[in-house]
Protein chains: 2
Amino acid sequence: MKFKLTLMYDGTNYHGWQRQKNGVTVQEVLEDVLYGVFGAETAVVGCSRTDARVHARMFVCGFSADTSIPADKLPFVLNAALPPDIRAVKGETAPDSFNARFDAVKKTYEYRILNTVHADPFLRNYAWHYPAALDIAEIERACGLIRGRRDFRCFMAAGGKAKTTVRDLSELSLVKDGGLITVTASANGFLYNMVRIIVGTLVYVGAGKLRADDLTALIEGRDRRALGLTAPPQGLCLVNVEY
Amino acid sequence: MKFKLTLMYDGTNYHGWQRQKNGVTVQEVLEDVLYGVFGAETAVVGCSRTDARVHARMFVCGFSADTSIPADKLPFVLNAALPPDIRAVKGETAPDSFNARFDAVKKTYEYRILNTVHADPFLRNYAWHYPAALDIAEIERACGLIRGRRDFRCFMAAGGKAKTTVRDLSELSLVKDGGLITVTASANGFLYNMVRIIVGTLVYVGAGKLRADDLTALIEGRDRRALGLTAPPQGLCLVNVEY
């Protein structure tokens, strides 16, 4: 039986989703719990490879298991064994062909920037504290120039292995609530570190280190080095995945 | 020179405010940093003794120091040395007579209850996850019966050392936003564990384990054991102190 499982996780204490040698990952913790529950090795496919310290309010994964546990009861069984920074919130059955990564048609990330003089202890793991002044109108103008279907090669970090770097960034917008700026980005797919490089570039524009007017030419130049720094991971959160 | 310093802290990793032998406290960490900055032992008086794992969005403390650092620059100096879960957000000078504890005329706490089927990893250290159904209208009725100036002895944990147990609980109300219930309590002073016992009692009423109709008689009976359990510490946050 194929299962589709929706998780939420606080990524602070993990080296991202994907299993790796150098640190504990969410995939590894979940697969260990599934082994305990099903009594068999269970390989999980995740919707995305989140980086170390990146969070997810909605993360979808899929796996096959031979079990009599009904899909909607699975979260209760798993939550009894998962650590409190990972919660299963929804269990469903899925067609055998379901692939959580390749079947996703749209993903949405949020990135939080705390633009205040002093940092907030409650956001230390959930936002990028940037104390200098930011020109919000210029950042919004830059969002309009980056948004759309285009070649995002310049927003891909070294190490990215995408076959094509064209993506449809259908949403790139921001909301400011007091000192907290939330950038929302939706696309049919994201390149390696794409959201974090976009946010770093937006902050460079807001701080006057890059001109919004120059962005279109810089993007067409396809040179990563012409853009802003990669924003730190803890501000990033995967908030929606559509199939 | 007497200083009045406003802090915010995430209490997750501390054994409360007050210096003690068995664990690291916020007071101890702050006094160590002040020693480093001023080069002299600096005793700090805090507005409240928060319990282990309890948070503060506004915590006021006072101390005397012989320094040329202007009061408004003090937060910048201290934040360079404080850990990221404690931030100084405001520095002021104060009269020599200022006592952060005894001069406080009103304090406000918030307590968060997450009333959802599954817990939220992002609130694991900031709310009490209570998955069973709660009757909000009954809880609101109970708030009205507890609120006011009265003897709160039954809401004081063993170990409380108050001379009088009469307090003026000027506000006790709740706001429900989806599954998140925030209880707000303001008073001229609080007894040991008073907010947590009130919240535990409100949850007992909401879950049908206690009747709101019986509360007035139970409060007049002044017996702690007749009321609800003490709500867990991580849902509690000191949010305002008035002088």
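Contact here means heavy atoms within 4.5 Å. The model is a predicted one, with local features needing pLDDT of at least 70 and side-chain atom pairs counting only at pLDDT 80 or more, while totals for chains, interfaces and linings use all residues. Residues are numbered from 1 along each chain as its sequence is written, chains are lettered from A and ligands numbered from 1 in the order in which they are written, and side-chain values rest on heavy atoms, leaving out hydrogens and water.

How do the two chains relate?

On to the contact itself, which draws 24 residues from chain B and 24 residues from chain A. Together the chains bury about 1,900 Å², with 68% of it on carbon and sulfur atoms; buried area is the accessible area (1.4 Å probe) that two parts lose on being put together, summed over both. On the chain B side, H118(B), F122(B) and R124(B) lose the most area to chain A, and together they make up 38% of what that side buries. R124(B) also pairs up with D10(A) in a salt bridge between side chains, at 2.9 Å from N to O. Four salt bridges are counted between chain B and chain A, each being a side-chain nitrogen of Lys or Arg within 4 Å of a carboxyl oxygen of Asp or Glu. As for secondary structure (DSSP runs numbered from the N terminus, helices being H or I of at least four residues and strands E of at least two), β1 (2-9), β3, α2 (74-79) and β4 (86-94) of chain B each supply at least two residues of the side that touches chain A. β4(B) gives the most, with four residues.

Then there is strand β11 (residues 236-242) of chain B. Five of its seven residues are buried, so β11(B) is largely enclosed by the rest of the structure (buried being under 20% relative accessible area, with a 1.4 Å probe and protein chains only). Strand β3 (residues 55-64) of chain B pairs with β11(B) in the parallel sense over two bridges, pairing requiring that DSSP find at least two bridges between the strands. There, H55(B) has C237(B) as its bridge partner. Strand β5 (residues 106-114) of chain B runs antiparallel to β11(B), over six bridges, and Y109(B) stands opposite L238(B).

How values were computed: Buried means under 20% relative accessible area, exposed over 50%, partly exposed in between (1.4 Å probe, protein chains only).
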